[in-house]
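Reader: Before I rely on any labels for this model, I would like to go through how they were assigned. Could you show me the structure and then take my questions in turn?

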Amino acid sequence: MGIFEPFRAIGYITTHVPFSVQRLGTETFVTVSVGKAFQVYNCAKLTLVLVGPQLPKKIRALASHREYTFAAFGRNIAVFRRAHQVATWESHTAKVNQLLLFGEHILSIDVKGNIFIWAFKGIAENLSPVGHILLERNFTPSCIMHPDTYLNKVILGSQQGSLQLWNISTKTKLFDFKGWNSAISCTVSSPALDVIAVGCSDGKIHVHNIRYDEEIVTFTHSNRGAVTALSFSTDGQPLLASGGSSGVISIWNLEKKRLHTVIGEAHDCAIVSLHFFANEPVLMSSSADNSIKMWIFDTTDGDPRLLRFRSGHSAPPLCIRFYANGRHILSAGQDRAFRLFSVIQDQQSRELSQRHVAKRAKKLKIKEAEIKLKPVIAFDVAEIRERDWCNVVTCHMDTPQAYVWRLQNFVIGEHILSPCPEYPTPVKACAISACGNFAVVGTAGGWIERFNLQSGISRGSYIDASERKSGAHGGEVVGVACDSTNTVLISGGFNGDVKVWDFKGRGLKSRWEIGCSLVKIVYHRYNGLLATVADDLVIRLFDVVALKMVRKFEGHSDRITDVCFSEDGKWLLSSSMDGTIRIWDVILARQIDAIHVDVSVTGLSLSPNMDVLATTHVDQNGVYLWVNQTMFSAPTNKVGSYGSGKAIVSVDLPSVSSTEKKSLDNDFDKAVIIPQEVEDSSDLSVLSKQIPDLVTLSLLPKSQWQSLINLDIIKERNKPIEPPKKPEKAPFFLPSIPSLSGEILFKPRESGEEEKDSQGGETEKSKRKADFPLSQFLQYLESAADSDNFAAFTEYIKELSPSTLDMELRMLQIIDDDDEEEETNKRPELHFIELLLDYFIHEISCRNNYEFIQAIIRLFLKIHGESVRRQAVLQEKAQKLLEIHSGVWQKIDKLFQSTRCMVSFLSNSQF
C-alpha cells in the first residue's frame, strides 16, 4: 500500500466488442464492454446504471438475459447476476469469440470450431455444458445467428464464405449454403420469414432466402470497406442499416432496392454493432472509437439525425488538469478533442464545441477531422473569470496561434491569439495570470507575448536585448508562468536559460542557466518555487526571489513526461516514460513514495484537495484516478507509514469498476500489513513527536466529549414521561453481580457457618473489600498504572459511550459520610481515584487527547470533588495536576491571545 492507491478509470464508453441489447419491462438496456469489465446503460437517456467487476482478461464477447450477463474472456465465460459473479464456465480449450442467447441456453464458439451449449437455469449447480458440437476443420466460424421461427436451429457464417444450418438439439448439420467466396463478417435475421441479411468482407450485403437458398437482392458498399454490422428496422419502414469498416452507416430501402441515405462519418473507426429498437425509428450504433450513438428517423426526407450519444477520447489524451475544485478534469487528446470529464457523475462529461464542425465539414465536403483543431499540446485554465469571458488557453501542435475557450458555455472563444504575426512560429507554451485577465504565450521562435483575454488584443511582448535575434529566448520557449500578484513572469527556454521578467514593464529582471536543455517548467504561486525538468532526467527547484537552487531530485531512468505541485506546495509529483510516478517531499528534500505501472505515464494532475490523482498513459484512451490514502484512512502515529520511501512498488492500473476486491497475495501488501499490526500493539505515546508549546487533540467526534459535560441535561431532556410499568410475569434471571460489560459474574459462594461474635463486624468489612468487583474499566486502569503505560487505557475509554464512562466514574463515588476517616482511607474506591489522578497528570504532561481529557477531568471533579477535598493524599495529587495543567494552558492561551488580538483589530478596522 502506497500513498496513492488505484481507484477507478473514467472516459471509457465501449470497445470493439459488439454490445448486447435487452428489454426489461418498459425500459431498454444495452450492455457494452470496456476492456476487462462491462457497463450497462439505460437507453432512455444513455445513463450509466451498472458497472461490472474486473475480469482477469479482456472481454471478447457479451450476451445478456434479464438480470444475467455473460462475458467471454480468454477461454472462460463469466456469469454475472447484476454486478456479482455467480459462476465461471471453463470447458473451452481455445479463445471464445462468439456468444449467442438461444432460448434458455447460451451458445459459445471458440476459434477452433467448438460449440458448447450451456443451460443458465440453476447456474450455481450446473457448471458443465449440456451439449458440444465440433465443426469441420475447413470451416472457421465468424458469426452466429438464430433465424426467427426456426426451432432449435442456428446459422453459422465462416471466414471461408460459406453458411451452414445446424440443429442444436440433435447436434446435426442440416444444410450447406453456396456462399459468396468472401469472408462473412455478420448475419442478421429480418422481420420477414425465411429472410436473412449477410455482410461480407468485400463490402457486399446479400439479402438471402434460406428456405429456398435464393438471393433476393445484393447491395454493395462503394469505397466503404468491409461490412461489419447489420440491422433491420422493425417499425414498419423497409430499411436495412449497414455499418462499414470506414465508420460510415448506410441505410438501404428494401422495397426500392437502393440506397436510402448515408450517415457519413458516423464514427471515427469501424462500426462494431448496429441495432434498431423494436417498433421504434431509432438506431443504435457503437464503434471502437469509444462512442455509442443513437439516431432517430423523424425528418421529412427520412434522413436520420443524432438523438443522443456518449463518447470519450478515441485516441490517448496527452494533457490533463483538474478544474472546479477537483470535480472536473479537462483533458486534451490526440483525437483533436478537448473534453471535460466529471469525476462525480459520468453523465456530465462532454466534449467542448469547436463551433459547427459537422456543418462546416458537410458544406466544404471534407472530413470533420480536417476541420477540427490540431491536437492540444499544452493549456492553462483560470477559474476566477469563468462567468465573465474565456478562461482557458490552448496551444496546438504545429499551430502558430493559441485559442481561447469559454468553459461556462463549453465552447471555443471568439478570439484567436496570434503572437508575432510578422514571423509566425508554432505556439509551444501558455499561461493565464492569477487575475484571469491576461494570457501569455511563448513560441518555438523564442517570442513571448501578452494578450488581454477579454478583447484578445496584444498588450506587449517580452524582449531580451542581449539575444541575437529579437525575442525573449534564443530558442524554443518550453514554459511560461505568472506569480500570484502579477509582479513577475517566469519563462524557460529550450537552451537551458530561465528568465524572470517584470510583468507590467516587460523588462528583464534576472536570469540563470540550468546547464542543459530544458523540457518543462512548473511554478507554484504560493511558495514561489519553480520546478524545472531537464533532459538529464533531473528535477531542480529554484527560489525565484532568491534566484538560487534549493532542491535537486534524481531517480527517473527515462524521459520525464510531467510534473505538478500539490496545492500546499509540500509535495512534487513527477511521471516518466520508465513507468514510475514519484512523490518528492519538498521540505524533507527526499523521495517519499514511488509506484510503477506497466504502461508509461504521459500526464498527471493532483486535485486541489489532494485527495485524487489523475493520470494518463500511453495507448490508453481513459483517465485513471488514484486516491490519497492519507486522506481516507485512519490517522497513524508512524510518519510516512503510507509511503514506500526510495523503494518502487509495482501496482496495477485502476479499473473501470471501483468495487474491485484487493488481493492480499501481493508481497508489498504483506510487507505493510504485518508491521501495522505490530504497531497497534506497541506503545502509542507520541511524546518524541509532540510539537513544542502545542497540544494534540483526540480526533474524536465533538459530540462524544461534549456529551460528557452535558450528560445531566441530556438525561433530563430524555427522561420518560411515565414511570416504567411492572410486567405481569417477570422473567427469571440468574443471580449475578451488576456489571457494565454485559458479562455474567456470579456471586461467590458464602460459607455455610459463620461465627457471630464480637469480631463479626470487622470480618464483614474485610470481606466487602475483598469482594469489590473489578470492572473492565478498573482492570485496564490498574494494569496501565502498574506498567506506567496508559495508551491501552486511553484507547479503551475512547471507545466507551458518554453514559457508560459516566457510570464507571460514579461507581467509584464514596457516599458513606458517617464512616471514620481511618476506615475511609482503607476503601478500595480511594485507590482507584488516586490512579485516575495519576492518569490525568500523565496525559496533561504529554499534551495528548487534550480536549477529551479536559472533559473527563471536569466530569471527574463534579463527581469526586468532595472526596478529593477531604483526603490529604488526593489533595497533593490534585495540586500537582493543577500546576501542570496551568503551565500547559498558559502556553496555549498565549498563542490564542495573539490571534484574538489580530481578529479584534481587523474587526474594528474600517477599510
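Author: A strand here is a DSSP run of E with at least two residues, numbered from the N terminus. The model is a predicted one, and serine 605 belongs to such a run, strand S54, which spans residues 601-606.

Reader: What makes serine 605 count as buried?

Author: The relative accessibility of serine 605 is 6%, and buried means under 20%, so serine 605 falls in the buried class.

Reader: Why are S30 and S33 said to stand at the edges of their sheet?

Author: The open sheet consists of four strands in the order S30-S31-S32-S33, with antiparallel pairing. Strand S30 (317-323) and strand S33 (350-351) each have a single partner strand, so one side of each has no neighbour in the sheet.

Reader: What is the span of helix H8, and how does it stand against the expected value?

Author: Helix H8 (residues 776-787) has 12 residues and reaches 17 Å from its first C-alpha to its last, which is close to the 16 Å expected at 1.5 Å a residue. Its buried residues are Phe777, Leu778, Leu781 and Ala784; they lie on the same side of H8, because the arc they cover around the axis is only 130°. Among the elements covering these buried residues are helix H9 (791-799), helix H10 (802-810) and helix H12 (828-846).

Reader: Which residues have the most contacts inside the largest nonpolar core?

Author: In that core of 39 residues, those with the most contacts include Phe777, Phe793, Ile797 and Leu805. H8, H9, H10 and H12 are among the helices that each supply at least two residues of this core. Another core, of 24 residues, lies apart from it and has Phe4, Leu573, Ile583 and Ile595 among its members.

Notes. Residues are numbered from 1 along each chain as its sequence is written. This is a predicted model: local features need pLDDT of at least 70, side-chain atom pairs count only at pLDDT 80 or more; totals for chains, interfaces and linings use all residues. Side-chain values use heavy atoms; hydrogens and water are left out. The expected span of a helix is 1.5 Å times one less than its number of residues. Buried means under 20% relative accessible area, exposed over 50%, partly exposed in between (1.4 Å probe, protein chains only). The arc is that of the directions from the helix axis to the C-beta atoms. Contact means heavy atoms within 4.5 Å. A nonpolar core is a set of buried Ala, Val, Leu, Ile, Met, Phe, Trp, Tyr and Cys residues joined through side-chain atoms within 4.5 Å. Two strands pair if DSSP finds at least two bridges between them.
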